[in-house]
Amino acid sequence: MPASSFSMAGFSRLGESWAELGSALAGLMFMHAMLQQYMPTWFLSYLSSLTKKLLNYSNSKVQISVSEFSGDRMNKRNQLYLDIEIYLSGLASAHARRLKADMSNKSKTPVFSMDDQQEVTDEFQGVKVRWISKKENRRRSNSLNNDSTPDETRFYELVVHENERGKFAESYLLHVREKAQEISARNRQRKLYSNKSGGYHSLWTDVIFDHPASFEKLAMDPIKKREIMNDLKKFSSSKDYYAKIGQAWKRGYLLYGPPGTGKSTMIACIANYLGYDVYFLELTAVKNNSQLRELIMETSSKSVIVIEDIDCSLNLTGQRRKLSSKDPVKKKKEDEDKEVSNSNVTLSGLLNSIDGLWSHCGSEKIIVFTTNHLEDLDPALIRTGRMDKHIKMSYCCFEAFKELAKIYLDTESHVLFDDVKALLNEVNMTPAVVAENLKPKCAEDDADTCLKKLVGALQEARGKAVDEVEVKDVKAEPKLIAPMKVMKKLMSKLKLKHKKAEK
């Protein structure tokens with residue numbers, strides 16, 4: 001058979017098929033029109049419902065709807081709906097073709113959600129599910145004027161297989177809620193809170209917490225830094241473990257060391273690393289133990305509660321009370337501090353608030369105490385279980401200096417590093433002072449200039465330390481100082497002056 005005749009026959013059969021399909025559609029449309037005109041409404045509604053049931057049965061799918069509003073009057077937003085919206089924001093921005101964007105005061109980034117009649121897929125425990133965003137115009141009875149008004153309702157529809165409708169759907173929705181809370185905590189605008197003095201209303205005031213500190217920029221021994229970061233990470237993921245052992249999900253950190261060693265910066269690093277809010281608790285502004293408990297109870301989960309200079313906040317330690325009874329000067333000073341603070345917070349009240357029954361109100365909290373004088377603190381205040389991890393914030397070591405040089409000067413090696421290392425082994429200098437000397441003061445200051453300035457500051461500090469030792473020894477026992485010791489100190493001073501003269 002010629003090719004031309006074959007193609008003509010094929011086209012003829014195709015035309016006949018389309019004609020038959022058109023006739024069938026026309027017949028269906030005619031029947032639909034006749035049913036709409038002559039059949040009662042209840043029958044049509046029943047027929048439509050029956051058709052949907054047959055289709056659903058044939059598809060073996062289950063649809064679970066989550067409406068935007070809940071309650072008898074449908075005037076309360078459904079928390080599950082909000083959680084689903086947050087959870088689907090990532091899937092929607094990646095796969096949906098039409099999106100809605102929103103920006104709230106609690107969020108630092110825009111929140112995307114699916115527009116109406118959009119669909120995305122998700123997978124959980126190896127099972128694929130579908131989410132569809134829908135909108136319906138329903139009519140709701142109005143009891144005031146006895147009429148009905150259109151009511152627009154949005155909802156999400158979860159489509160799962162018939163076999164997964166039981167425990168899977170329940171566990172999947174719980175998974176959605178947990179992930180939504182994590183996303184909200186990560187994207188929320190974090191706050192720095194401080195307590196007010198006086199009154200029992202609005203005990204906390206807040207400002208936006210936007211501190212730039214991070215562990216990557218913290219001048220500290222890298223090994224010690226990594227140990228702290230691992231401890232924090234372990235704590236934040238130990239919810240089930242704390243529930244298992246029957247303890248409150250909290251952890252105490254004691255930061256101690258001389259002023260300027262970075263205790264406040266460490267607190268900011270902890271908060272930024274975990275994504276927590278910060279509550280700065282000023283004990284001198286707290287009237288009594290009851291108000292202290294109320295303040296602690298009002299702190300939110302995922303927060304760092306800070307009491308700085310715990311040894312100076314109030315007369316809370318047993319050692320200080322013993323000293324005050326023997327030393328009239330210290331007793332007078334403590335009495336004056338108590339009059340100024342006008343606070344009746346006691347040591348037992350503080351301990352019960354952070355480690356008693358009240359500590360179980362809320363979860364996932366870090367409690368931080370800072371002090372410059374560890375020896376002045378009562379052992380009951382800093383024992384394990386209250387202050388679980390003690391972190392010594394010491395003077396700048398060579399490893400911490402290298403971190404600072406990398407941050408401030410973008411320098412990882414220099415000929416002056418050996419001089420700095422030798423001087424840091426002899427001189428106590430805080431990271432704050434080292435950083436100030438490394439900081440360029442003008443556009444012409446380069447790494448060489450700043451490092452020379454630091455070396456000069458370290459040599460000057462060493463010279464002052466030698467002078468102080470000499471004066472102290474002479475005043476204490478001038479007749480007992482060995483001539484050789486005096487000669488060694490004099491030689492050290494001469495070498496220092498000689499180096500300065502050469503430079």
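What share of the contacts in the protein between residues at least 6 apart in sequence join residues at least 24 apart? It is 67%, with contact meaning heavy atoms within 4.5 Å. Some notes from going through the model follow.

1. Ground rules. This is a predicted model, so to speak of local features pLDDT has to be at least 70, and side-chain atom pairs count only at pLDDT 80 or more, while totals for chains, interfaces and linings use all residues. Residues are numbered from 1 along each chain as its sequence is written, and side-chain values use heavy atoms, with hydrogens and water left out.

2. Overall make-up. I count along with the assignment here: the protein has 18 helices and 15 strands. These are DSSP runs numbered from the N terminus, helices being H or I with at least four residues and strands E with at least two. Of the 503 residues, 36% are buried; buried means under 20% relative accessible area, exposed over 50% and partly exposed in between, using a 1.4 Å probe and protein chains only.

3. The seven-stranded sheet. The order is S10-S9-S12-S13-S14-S11-S15, the sheet is open, and the pairing is mixed. Two strands pair if DSSP finds at least two bridges between them. At the edges sit S10 (204-208) and S15 (389-392), each pairing on one side only. Direction ignored, neighbouring strands are turned by 20° against each other on average. For angles in general, axes are lines fitted to C-alpha atoms, for helices over the stretch in contact, and values run from 0 to 180 degrees between N-to-C directions.

4. Strand by strand. S9 (residues 191-195) and S10 run antiparallel, joined by five bridges, and Asn195 has Trp204 as its bridge partner in S10. On to S12: S9 pairs with it in the parallel sense over three bridges, with Tyr193 opposite Tyr279. S12 (residues 277-280) is in turn joined to S13 by four bridges, again parallel, and Phe280 stands opposite Val306. Seven bridges link S11 (residues 250-256) to S14 (residues 365-371), also parallel; there Tyr256 stands opposite Thr371.

5. Helices on the sheet. H5 (residues 222-236) packs on the sheet and touches S11, S14 and S15, its direction making about 155° with that of S15. H12 (residues 347-355) packs on the sheet too, touching S11, S13 and S14, at about 145° to the direction of S14.

6. S13 deserves a look. Five of the five residues of S13 (residues 303-307) are buried, so the strand is largely enclosed by the rest of the structure. In a regular strand the side chains alternate between the two faces of the sheet. Here Ser303, Ile305 and Ile307 point one way and Val304 and Val306 the other, and all are buried.

7. Two phi values to check. Most residues other than glycine have a negative phi. Lys302 has a positive phi of about 55° although it is not a glycine; this residue lies in the loop between H8 (289-298) and S13 and is partly exposed, at 26% relative accessible area. Gln125 also has a positive phi of about 55° without being a glycine. Gln125 lies in the loop between S6 (119-124) and S7 and counts as exposed at 59% relative accessibility.

8. Val127. This residue lies in S7 (residues 127-142) and is buried, with a relative accessible area of 18%. Leaving aside residues up to four places away in sequence, Val127 touches Asp122, Glu164 and Phe168.

9. H14 against H16. H14 (residues 398-409) and H16 (residues 431-438) pack at an angle of about 35° with axes 10 Å apart. H14 contributes Phe401, Leu404, Ala405, Tyr408 and Leu409 to the contact, and H16 contributes Pro431, Val434, Ala435 and Leu438. By class that gives nine nonpolar, no polar and no charged residues, where Ala, Val, Leu, Ile, Met, Phe, Trp, Tyr, Cys and Pro count as nonpolar, Asp, Glu, Lys and Arg as charged, and the others, Gly among them, as polar.

10. In H16, Pro431, Val434, Ala435, Asn437 and Leu438 are buried. They cover an arc of only 160° around the axis, which puts them on the same side of H16; the arc is that of the directions from the helix axis to the C-beta atoms. In H15 (residues 417-424), the buried residues are Phe417, Val420, Leu423 and Leu424. Those of H15 fall within an arc of 130°, so they line one face of the helix.
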